[in-house]
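Hello,

Here is the structure I promised to pass on to you. Please open it beside this email, and then read on for what turned up in it.

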Amino acid sequence: MECREHNGLRLSRIGVGTYSLSGVYGSKDLEEYGRMIKRACELGVNFFDTADAYGEAEEVLGRLLQPLRGKVIISTKVGVKHQTKANLSYEYIKTACESSLRNLRTEYIDIYNVHFDDSATPVEETIGALEELVKAGKIRKYGLGHLPAAKVEEYINKGNVYSVLMELSAVARKAGRELLPLVKRNNLAGIAFSVTGRGLLTGKITKNSRFAAGDLRRIDPQFQKEKFTFSLEVQQKLAEIGKRRGMSSVQVAIAWVLAQDGIVTALTGPSTVAHLEENIGGCRQSLSPAELAEIDRFLEEKEEWLAAAEKRTVRQILSGALPADNHQAFVDLVYCLETALINRYLPEAEIMPVFHRLFGLRTKLDQIQKGELRELQKTIGAMLQMD
Ligand SMILES: NC(=O)c1ccc[n+]([C@@H]2O[C@H](COP(=O)([O-])OP(=O)(O)OC[C@H]3O[C@@H](n4cnc5c(N)ncnc54)[C@H](OP(=O)(O)O)[C@@H]3O)[C@@H](O)[C@H]2O)c1
C-alpha cells in the first residue's frame, strides 16, 4: 500500500474507520471485524480512525491494535460522546482525552480531532487544551471534523491544525469544494471519509434495499427520494467506467477520491475482509485524466438536476400535509434540514438549533403527537422561506 508523508506522519493512502462499530450500519460480527483489522495491517494499512462517540469502537480498536501500536497511526475524536450538542471546553477535552487514551490502551493519540462544532466555546479555549495535550505528549497532532469552512479557517489562523476530515465521494462533493482549497492553501492533510458513500457506490445497495431498525441509512437523506436516485445513477456510471478497466464501481469511487488534490488519505469503513480487500483494490490503479474528466462532467450534469429536484421536494414537504407515520414525517423533516445545510440555503448556525430540536424527538416518535412535528414543520418552513 502506498503511503504519503505529511508534516511528520506517514499515512497509508487508504485508512480504515470504525464508525460501523457504533451500529449505524447494522450489527457487525466482531470476530470477522478482528480478522478485517488484521488483514488491513497485512495489506499495509497503517491509519485507523475512531471516535469516543462510536460506541465501544475505541476499546475494540485499542485491543486489536495494541500489539502493533508503534507501527500504526490512530486518530480519534472528541466533543459529542453522550450529548448531541458538542462540548469542546478546556475541561471536557482534558477529561475526554484521558478516557480515550485508556480505551485505546495507548500513551498517545496520533491525531486528535474536534468532532463537531461547539459554538458556545471560544476556539482559543479549545486550541489551548489541544496545545497543552501536544506539549504533554498525549497527542501528536490535532485535526478538525464536521466544521463549516469559516470555523476551519478560524482554527487554522489561531492554532497548529494538522488535518481536516471531510465527507468526500462522487455522491458528496460539497464539503470537498469548500474545504479542499483551505486544506491546500494551508498545507494541511485532507482526510476523506465515507468514500464508498456508506456503501452506496459498491453496487450492493439497490432501490429495493431495506435497512434494519437503528441503521442510520433509514433516515440518511442520501438514501431518500431524488438523492437516492442520483446516487444509484452515479454508481452505475462508475461501474461502467470500472468495467473498461477491470475495476469494481467502489474501486473507481475510491480511486476518484484519491485523485482529488489535497487528499492524503481516504477512510473507508468495511467490517468484513472481503469488503476491505475490494476497497484496497481502489488504490492499486489510478484513473486517467480523461476518465476523471468524464466522471466530473457526469456529476456536474446530475448535480444540477439534483439541486432543482431537491428544492421542489423541500418545498412540497414544508407546504403539504406531513405523512401520517411519525417516523416518515421525521425522515422528511431531516431531509429538509440536511438539504438546507448541504446546499447552504442558510448559514449552519441558524439551522443547527432546529436540527437539535428535531433530533431530540428521534427516540420518542411513537409517543409524540403529530402537532409537535407540525410545529417544527412550520418553524423550518418559516426559516427556509422556500416560496
Ligand atoms: N460517516 C461519518 O459521519 C464520519 C465522520 C467522520 C469520520 N468518519 C470516519 O470515516 C470512516 C469511513 O466512513 P464510513 O464508515 O461512512 O465509510 P464507508 O465505507 O463509506 O461506509 C461504510 C459502509 O459501507 C459498506 N461498505 C464499505 N465497503 C464495502 C464494499 N466493498 N462492499 C459492500 N459494502 C461496503 C460497509 O459495509 P460492511 O460493514 O458490510 O463492510 C458499511 O456499511 C468511518 O468509519 C469513521 O471512522 C466518518
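A polar contact is a pair of N or O atoms within 3.5 Å; within protein, one must be able to donate a hydrogen and the other to accept it, and residues adjacent in sequence count only if both atoms are side-chain atoms. Before we use that, two notes. This is a predicted model, where local features need pLDDT of at least 70, side-chain atom pairs count only at pLDDT 80 or more, and totals for chains, interfaces and linings use all residues. Residues are numbered from 1 along each chain as its sequence is written, and side-chain values use heavy atoms, with hydrogens and water left out.

**The ligand**

Which side chains have an N or O atom 2.6 Å or 2.7 Å from an oxygen atom of the ligand? For Y25 the distance is 2.6 Å. S194 has a polar side-chain atom 2.7 Å from a ligand oxygen, and an N or O atom in the side chain of H275 is 2.7 Å from one. On its own the ligand has 880 Å² of accessible area, and the protein covers 94% of that (areas come from the Shrake-Rupley method with a 1.4 Å probe; for residues, only the protein chains shown count as cover).

Around the ligand there are 28 residues, the closest being Y25, D49, S194, S271 and H275. Here a residue counts as near if one of its heavy atoms lies within 4 Å. Helix 9 gives the most to this shell, with 3 residues. (Helices are DSSP runs of H or I with at least four residues, strands are runs of E with at least two, and both are numbered from the N terminus.)

**Aromatic rings**

Y25 turns up again here. The whole structure holds 6 aromatic pairs, and Y19 with Y25 is an edge-to-face one, 5.7 Å centre to centre with 85° between the planes. Rings of Phe, Tyr and Trp (its six-membered ring) pair if their centres lie within 6.5 Å; planes under 30 degrees apart are stacked, over 60 edge-to-face, and the rest tilted. F223 and F228 have ring centres 5.9 Å apart and planes at 35°, so their pair is tilted. Ring pairs also link Y19, Y25 and Y54 into a cluster.

Y25 is buried because its relative accessible area is 13%, while Y19, at 28%, is partly exposed. F223 and F228 are both buried.

Two rings have a charge over them, meaning that NZ of Lys or CZ of Arg is within 6 Å of the ring centre and within 35 degrees of the ring normal. R69 lies over the face of Y108, 4.2 Å from the ring centre, and K227 lies over Y335 at 5.1 Å.

Strand 1 (residues 3-6) and strand 2 (residues 9-12) pair in the antiparallel sense over 4 bridges; at least two DSSP bridges are needed for a pair. H6 stands opposite L9. The two strands form a hairpin with 2 residues between them, and N7 in the turn has a positive phi of about 40°.

K77 lies in strand 5 (residues 73-78) and is buried because its relative accessibility is 3%. R35, in helix 1 (residues 30-42), is partly exposed at 44%. The C-alpha atoms of R35 and V273 are 6.7 Å apart, although 238 residues separate them along the chain.

Enjoy exploring!

Note on methods. Buried < 20%, exposed > 50% of the residue type's maximum accessible area, 1.4 Å probe, protein only.
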